[in-house]
Amino acid sequence: MILILKADTTKSDIADLKNRLEARGLRPVIMEGAEKVAVGIIGETRSHLPADQIQALPYVETIRRVSDPYKLANRVFHPEDTVVDAGGALTGGGNFSLMAGPCSIESREQIVEVAKAVKAAGATMLRGGAFKPRTSPYDFQGLRGEGLKLMLEAKRETGLPIVTEIMSIDHLPLFEDVDMIQVGARSMQNFEMLKELGKTKKPILLKRGLSATIKELLMAAEYIMASGNDQIVLCERGIRTYETATRNTLDLSAIAVLHERTHLPVVIDPSHATGVARYVPSMAAAAAAAGCDGLMIEVHNNPAAALCDGPQSITPDEFVKVVRTVKAVRAAVSSANAIQAKPISVEQVIRACAS
Ligand code: PEP
Ligand code: MN
């Protein structure tokens, strides 16, 4: 529910409203516009907040129910873009992140060599899996705790913040020095894990499930936020369709839809989306043109020998070219003013509620 307060509402009226809402177990979000104040209400308003009682308050002008089930993740409760800070690497609100590295950490030499190469090319974060969600139990499962130690060595050597996947909440203590925790596509609806990650203050990279709708992705983010953590980056990595020419189908329209519906940043992973290294550069450029807030790309120093996802991994030299193209595309799009500004103002929220 969103309330628009009358223009002459005082600070003590707002304090009175806050007290009334909190007494009913609801969470008010105060959004101050130039002339009026909008108040978003998070929680079960339908049963806990009779509209007639609220409308009777002398300072309330308009009441609008928000039918979307995600509230904290909803743009109307938080008009400005969220900026996620992972060890100094910023994503969102105009900050573009480039997360690059191998699918899996395979050895000290491999991860440090790739880390140095992607850093030199302009990556802002190093990616690499220590715990790998493999379809077959007979495939390489990752170096697990040992892999995380090697990832931290690569971080020390290069200064790059790291992002790596968690598969069980029991492993959380191992992630203390990890800058951003990845929730993989297969774990997007592990609700107990999402709740526990919400209690940490760690930035989270939340990947869209293989068959998840955009609404389900936003509800997964809502789980993390409802537990207290709003440092979330959403990642579109391709969804299952009837098409078999690519590993998944990259849903580029998710960028436009998500930017409209949520304030959380959106990153695109063209590697898992296409499954084919030669398709990665053009899809990275397309995602940048559509206004994504970052890219996650698999880069391997010897893709042919990779223990996981070699066919979709590009080389460091190819990554250099991708970065150059992505930067040129971003510059062209911004100078052409081609993409609608994402943040909405409190005034727009107020106008939308009044209409
Ligand atoms: C990965 O990023 O290594 C990965 C396993 O991705 P996804 O969860 O999107 O399949
Ligand atoms: Mn992979």
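Helices (H or I, at least four residues) and strands (E, at least two) are DSSP runs, numbered from the N terminus. With that in hand, select Asp-269, which sits in the loop between β13 (266–268) and α9 (270–274).

Before going further, note that this is a predicted model, where local features need pLDDT of at least 70, side-chain atom pairs count only at pLDDT 80 or more, and totals for chains, interfaces and linings use all residues. Residues are numbered from 1 along each chain as its sequence is written, chains are lettered from A and ligands numbered from 1 in the order in which they are written, and side-chain values use heavy atoms, leaving out hydrogens and water.

**Stop 1: Asp-269**

Is Asp-269 buried or exposed? It counts as buried because its relative accessibility is 0%; buried means under 20% relative accessible area, exposed over 50%, and partly exposed in between (1.4 Å probe, protein chains only). Now display the backbone of Ser-271: its nitrogen is reached by the Asp-269 side chain at 2.9 Å.

**Stop 2: the manganese ion**

Next, centre on ligand 2, the manganese ion. Its protein donors are Cys-103 (SG), His-272 (NE2), Glu-298 (OE) and Asp-309 (OD), at 2.0 to 2.4 Å. Donors here are N, O and S atoms within 2.8 Å of the metal (3.2 Å for Na, K and Ca); water is not among the atoms, so sites may look incomplete. Along the sequence, the donor residues follow the spacing C-x168-H-x25-E-x10-D. Cys-103 belongs to the loop between β7 (97–101) and α4 (108–121) and Glu-298 to strand β14 (residues 294–298), so this pair ties together parts 195 residues apart in sequence. Both Cys-103 and Glu-298 are buried.

**Stop 3: ligand 1**

Keep His-272 and Glu-298 selected, as both are among the residues around ligand 1; "around" means having a heavy atom within 4 Å of it. Also in this set are Arg-127, Glu-165 and Lys-207. Show the distances to ligand 1 oxygen atoms: 2.9 Å from a polar side-chain atom of Lys-132, 2.8 Å from one of Arg-186 and 2.6 Å from an N or O atom in the side chain of Arg-237.

**Stop 4: Ala-226**

Finally, pick Ala-226 in helix α7 (residues 214–226). At 48% relative accessibility, Ala-226 counts as partly exposed. Its C-alpha atom is separated by 9.7 Å from that of Leu-194, 32 residues away along the chain.

Conventions:
Polar contact = N/O pair within 3.5 Å; in protein donor to acceptor, adjacent residues only side chain to side chain.
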